[in-house]
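These are my notebook entries on one chain. I set down what I looked up, one entry at a time.

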Amino acid sequence: MSGTKAEERKGSSSEWRDAFWNPRTHELLGRTASSWGLILLFYLVFYLFLAGMFVLTMYIMLLTLDDYKPTWQDRLATPGMMIHPKGDQLEITFSVSETEKSWDRFIQTLNTFLSVYLYQVQMNDNCPPDQFFIQEDSGEVRNNPKRSCQFNRSMLEECAGISDRFYGYSRGQPCVLIKLNRVIGMLPGKNGQSPYVTCGAKREDGDKLGPLAYYPPNGTFNLMYYPYYGKKAQVNYTQPLVAVKFLNASVNTDINVECKINSNTLEAGSERDKFAGRVSFKLRINHT
């Protein structure tokens, strides 16, 4: 009985060894060397073919791309807007009586953001206002790099950080900078009418906002800064900005503010996209 079980175990073990390597037929895992060679050759050729097809399709696709302008571009009905400083979750909260703990971080953010505007004046053109700065290519001849129009930081006047290096935060009259997102080829106006920004409090905070001042005057993004031709084609392009100064906002209370773009060519922002043509943020000025 015991001998039978030992023989069975020995036979089972022998079968497993033969399944991995059979010394009689010289088969590894049931295949001879020639069989393994053929199947490996097949998969080598197969995957080389797939890799070649991938490289070929990528090469053909790259031939269709333009280094300076997207071949395919979704036309946005309304570009997005953003503010600086952003604060936490688009909340600008500070105390007039405190600096480092409160509004100093906003000053540093604005200084950093505006630092790129110091040197672009020397490289860019003094363009005629209220008309598009169009620079077309001549057939197959590229008109690159394309020139850009100057945006002087001084155009932000009291919000430029020049005459008032604290941007009004030390006096409870904060400045907020607004930019319109870049869209290649966008012409945001016609008949010489530049798009402009308006800000207001939301319905529940209508009596808290107080008067506002806009820089440049009327809060315009002048037409001369458009169209935008892309980062590579227009290397010195500097986005125009609009500054909003809150002159007498209520203190020690939350104010929900919404700024939006107004244009005779851009569509009104969609309710489904809260940043399309508008931006909302919360302002709170504490004063003890």
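**Entry 1. The second largest cavity**

In this predicted model, I first sorted the lining of the second largest cavity, which divides into seven nonpolar residues, two polar ones and no charged ones. I noted a volume of about 40 Å³ for this second largest cavity. The residues that line it are Phe133, Ser148, Cys149, Met224, Tyr225, Tyr226, Pro227, Gln234 and Tyr237.

**Entry 2. Serine 148**

I then turned to serine 148, one of the residues lining the second largest cavity. Is serine 148 buried or exposed? Its relative accessible area is 1%, and the cut-off for buried is under 20%, so serine 148 counts as buried.

I listed the contacts of serine 148, leaving out residues up to four places away in sequence: they are Asn124, Asp125, Phe133, Gln234, Asn236 and Tyr237. I also recorded that the side chain of serine 148 reaches the backbone nitrogen of tyrosine 237 at 3.3 Å.

**Entry 3. The largest cavity**

How many cavities of 30 Å³ or more are there? I counted two of them. The largest cavity holds about 50 Å³ of space. I read its lining as Leu180, Asn181, Arg182, Val183, Met186, Tyr226, Tyr228, Tyr237, Gln239 and Pro240. By kind, these lining residues are seven nonpolar, two polar and one charged. I noted that Tyr226 and Tyr237 line the largest cavity and also line the second largest cavity.

**Entry 4. The largest pocket**

I next looked up the largest pocket, with a volume of about 300 Å³. It is lined by 16 residues, and those closest to its centre are Lys69, Glu136, Asp137, Lys146 and Tyr229. I divided the lining of this pocket into eight nonpolar, three polar and five charged residues.

**Entry 5. Two cis peptide bonds**

I recorded as background that most peptide bonds are trans. Which form does the bond from tyrosine 226 to proline 227 take? I found this bond to be cis, with omega near 0°. Proline 227 lies in the loop between strand S7 (212-215) and strand S8 (242-246), and is among the residues that line the second largest cavity.

The bond from asparagine 144 to proline 145 is also cis, with omega near -5°.

Most residues other than glycine have a negative phi. Leucine 90 sits in the loop between strand S3 (81-84) and S4, and is buried with a relative accessible area of 16%.

Glutamate 157 has a positive phi of about 50°, and it is not a glycine either. I found glutamate 157 in the loop between H4 and S5. At 40% relative accessibility, glutamate 157 counts as partly exposed.

I looked up serine 95 in strand S4 (residues 91-95). Serine 95 is buried, at 8% relative accessibility. Its side chain makes a polar contact of 3.2 Å with the side chain of serine 97. Apart from residues up to four places away in sequence, serine 95 touches Ser102, Trp103 and Asn286.

Asparagine 286 belongs to strand S10 (residues 278-286). Which residues does asparagine 286 contact beyond its neighbours within four places in sequence? I listed Thr93, Phe94, Ser95, Val96 and Asn252. Asparagine 286 and threonine 93 are 193 residues apart in sequence, yet their C-alpha atoms are 7.6 Å apart in space. I also noted a polar contact of 2.9 Å between the side chains of asparagine 286 and arginine 284.

**Entry 6. The chain as a whole**

I took from UniProt, in an unreviewed entry, a "transmembrane region" at residues 38-65. In the model, this span is 93% helix and 0% strand, and its end C-alpha atoms lie 41 Å apart.

The chain has four helices and ten strands. I read their order along the sequence as α-β-β-α-β-β-α-α-β-β-β-β-β-β. Of the 288 residues, 35% count as buried. Among contacts with a separation of 6 or more, I found that 76% join residues 24 or more positions apart.

Definitions and conventions: Residues numbered from 1 in each chain as written. Predicted model: local features only at pLDDT ≥ 70, side-chain atom pairs only at ≥ 80, totals over all residues. Heavy atoms only, no water. 1 Å grid on protein atoms, 1.4 Å probe; cavity = no way out; pocket = protein on both sides within 12 Å on 5 of 7 lines; lining within 4 Å. Points joined across faces, edges and corners; volume = space filled by probe spheres on them. Nonpolar A, V, L, I, M, F, W, Y, C, P; charged D, E, K, R; others polar. UniProt positions renumbered as here; feature names shortened; annotations may be inferred. Helix = DSSP H or I, 4+ residues; strand = E, 2+ residues; numbered from the N terminus. Buried < 20%, exposed > 50% of the residue type's maximum accessible area, 1.4 Å probe, protein only. Polar contact = N/O pair within 3.5 Å; in protein donor to acceptor, adjacent residues only side chain to side chain. Contact = heavy atoms within 4.5 Å.
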